[in-house]
Amino acid sequence: MKTKIIVIVGPTAVGKTALSIEVAKRFNGQIISGDSQQVYRGLDIGTAKIPPEEQEGIPHHLLDVREVGESYSAYDFVTEASQAIREIAAQGQLPIICGGTGLYIQSLLEGYHLGGSVSHEEILAYRAQLDSWSDEALFGKIAELGIEIPQINRRRAMRALEIVHLGGSLENSQPDYEALLICLDDDREVLYERINQRVDLMLKAGLLEEAKWLYDYYPHVQASKGIGYKELFPYFAGELTLEEATDKIKQHTRRFAKRQLTWFRNRMNAAFYQVSKPKDKERMMQDIKEFMND
């Protein structure tokens, strides 16, 4: 029997963290972070990492598991998240994955990874290329390569081409767990205003000092490329005012939220719920209950 897991995804600032804690408390769970930046020690404010005092006693996994100078990939996430799932299930508790890094979570749920040598940037670049192709072009490439895909559709075709192009294997086995995939959403104006407010609160909480530490000691590492840090580097170099840099953080975060939603809609079989609608939350909790009792 496959291990059941809950996966909570959605755009930045939509409320994934608060919901994951509520679900963990209600259904006896532990939380696994699905965020590519929260793995880094010392990067707390800019990554919106939940502090220990706000975790309400719920164990959290894959937070602070890398030094800032180290790299982290989809391969690492699949490996370490799979281990955490096994450990949590062995304790008789529910594994709950919470995060917004679609590439990582999709790789985990679809039971494949592309190897530790393939960078995040390489994967995203190739996926952006495939996104621009028509269905006819995608299916034609599949036929040209002689790949057989039962009930072919756009998502399955893209997945197969990614694996072949990036050096994986089409024989990757399916994961030994069953997932309920929940995607949180909200009205655009509400979400974007929440993002703007979050950035302001991050600055008040010490984001400048955190980003300056990166700028001074680790300007070229993978972690420094995250939104909320890279926009402040030109400010430290005297090329932008703080107001201009802040506006760029907000703008880039809003654009990132839009890309996240596009990813979850087009690439993952998620059920969508509007967080500001009480009936949607009730429906979601009932869906989780039915999933667990099935």
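Which residues does E210 touch, not counting residues up to four places away in sequence? The contacts of E210 are G42, L43, D44, I45, G46 and Y229, where contact means heavy atoms within 4.5 Å. Please keep in mind that this is a predicted model, in which local features need pLDDT of at least 70 and side-chain atom pairs count only at pLDDT 80 or more, while totals for chains, interfaces and linings use all residues. Residues are numbered from 1 along each chain as its sequence is written, and side-chain values use heavy atoms, with hydrogens and water left out.

- E210 sits in helix α8; helices (H or I, at least four residues) and strands (E, at least two) are DSSP runs, numbered from the N terminus.
- With a relative accessible area of 9%, E210 is buried (buried means under 20% relative accessible area, exposed over 50%, partly exposed in between, with a 1.4 Å probe and protein chains only).
- E210 and Y229 are 19 residues apart along the chain, and their C-alpha atoms are separated by 8.3 Å.

**Strand β5 and its partners**

- Strand β5 (residues 177-185) is largely enclosed by the rest of the structure, because seven of its nine residues are buried.
- On one side of the pairing list, β5 runs parallel to strand β1 (residues 3-9), joined by seven bridges; strands pair if DSSP finds at least two bridges between them.
- In that pairing, I8 stands opposite I182 in β5.
- Strand β6 (residues 271-274) also runs parallel to β5, with four bridges joining them, and D185 stands opposite Q274 in β6.

**V9 in strand β1**

- V9 lies in strand β1 and counts as buried, at 0% relative accessibility.
- Beyond residues up to four places away in sequence, V9 touches K16, G99, I105, L181, I182, C183, L184 and F264.
- V9 and F272 are 263 residues apart in sequence, yet 9.6 Å apart in space, C-alpha to C-alpha.

**Helix α2**

- The 17 residues of helix α2 (residues 74-90) should span 24 Å at 1.5 Å a residue, and the end C-alpha atoms are 24 Å apart, which agrees; the expected span is 1.5 Å times one less than the number of residues.
- Buried residues of α2 include F77, V78, I85 and I88.
- The buried residues of α2 pack against β1, β2 (29-33), β3 (60-61), β4 (94-98), α3 (102-109) and β5.

**Y218**

- Y218 is found in the loop between α8 (207-217) and α9 (233-236).
- Y218 is partly exposed, with a relative accessible area of 32%.
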